[in-house]
Amino acid sequence: KHYLTTELLCIDMESLDVTTVGQSGGGRLVRSIQCSPCSRFLLVALTTTFSYSVPISRFGRAVRVWDLDSDGDVEVASVPVDDEIPLGYDACSRHPRSFQFH
C-alpha cells in the first residue's frame, strides 16, 4: 500500500505554480484519472479493498468525481473485490467496468 500511494498536483502552465489537489491530500491509491471536457472535474478511480486471491486489476475500487474549484467530491460507484468471475469462455464481471465523461 505504501508504494502505490500518490498525491495529485495541479501545475499552472503560465506561472508554474504547483498546488496539491485537495481531495488527494495525504495520498490516495489512484488507479485512473480522466479530466472533464471543461477541465473543472476529474473522474478518479481509487483502490479501496485488497485481496490475496485476485490480481491488482480486480481489487475493489471507488469511482469519484472531484471538483477542482471547490475541493468537493461525489461518489459515482463503489465496486467490491471482483473475485466471483466464472471460468467459462467469454466470462466477465457482474459489476460496472468502465466509467468516462461524455
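The following paragraphs describe the salt bridges of this predicted model and then its largest pocket. Local features need pLDDT of at least 70 and side-chain atom pairs count only at pLDDT 80 or more, whereas totals for chains, interfaces and linings use all residues. Residues are numbered from 1 along each chain as its sequence is written, and side-chain values use heavy atoms, with hydrogens and water left out.

A search of the whole structure finds 4 salt bridges, each being a side-chain nitrogen of Lys or Arg within 4 Å of a carboxyl oxygen of Asp or Glu. One of them joins arginine 40 to aspartate 67, with an N to O distance of 2.8 Å. This pair links distant parts of the chain, 27 residues apart: arginine 40 sits in the loop between strand 3 (30–35) and strand 4 (41–47), and aspartate 67 belongs to strand 5 (residues 61–67). Strands (E, at least two residues) are DSSP runs numbered from the N terminus.

Arginine 40 counts as partly exposed because its relative accessibility is 34%, while aspartate 67, at 10%, counts as buried.

Arginine 40 has a further partner in aspartate 69, and the closest N and O atoms of this salt bridge are 3.4 Å apart. Aspartate 69 lies in the loop between strand 5 and strand 6 (73–79), and arginine 40 in the loop between strand 3 and strand 4, so this contact ties together parts that are 29 residues apart in sequence. Aspartate 69 is exposed, because its relative accessibility is 60%.

Another salt bridge brings together the side chains of arginine 64 and glutamate 75, at 3.7 Å from N to O. Arginine 64 is in strand 5 and glutamate 75 in strand 6, and the two are 11 residues apart. Arginine 64 is buried, with a relative accessible area of 17%, whereas glutamate 75 is partly exposed at 41%. Through shared partners, salt bridges join Arg40, Asp67 and Asp69 into one network.

The description now turns to the pocket. The largest pocket holds about 160 Å³ of space. On a 1 Å grid over the protein atoms alone, a pocket is an open set of points where a 1.4 Å probe fits, with protein on both sides within 12 Å along at least five of seven lines, and lining residues have an atom within 4 Å of a point. The volume is the space filled by probe spheres set on the points, which are joined across faces, edges and corners. Its lining consists of Leu8, Leu9, Cys10, Val21, Cys35, Ser39, Leu42 and Leu68. These lining residues divide into 7 nonpolar, 1 polar and no charged, where Ala, Val, Leu, Ile, Met, Phe, Trp, Tyr, Cys and Pro count as nonpolar, Asp, Glu, Lys and Arg as charged, and the others, Gly among them, as polar.

Notes:
Helix = DSSP H or I, 4+ residues; strand = E, 2+ residues; numbered from the N terminus. Buried < 20%, exposed > 50% of the residue type's maximum accessible area, 1.4 Å probe, protein only.
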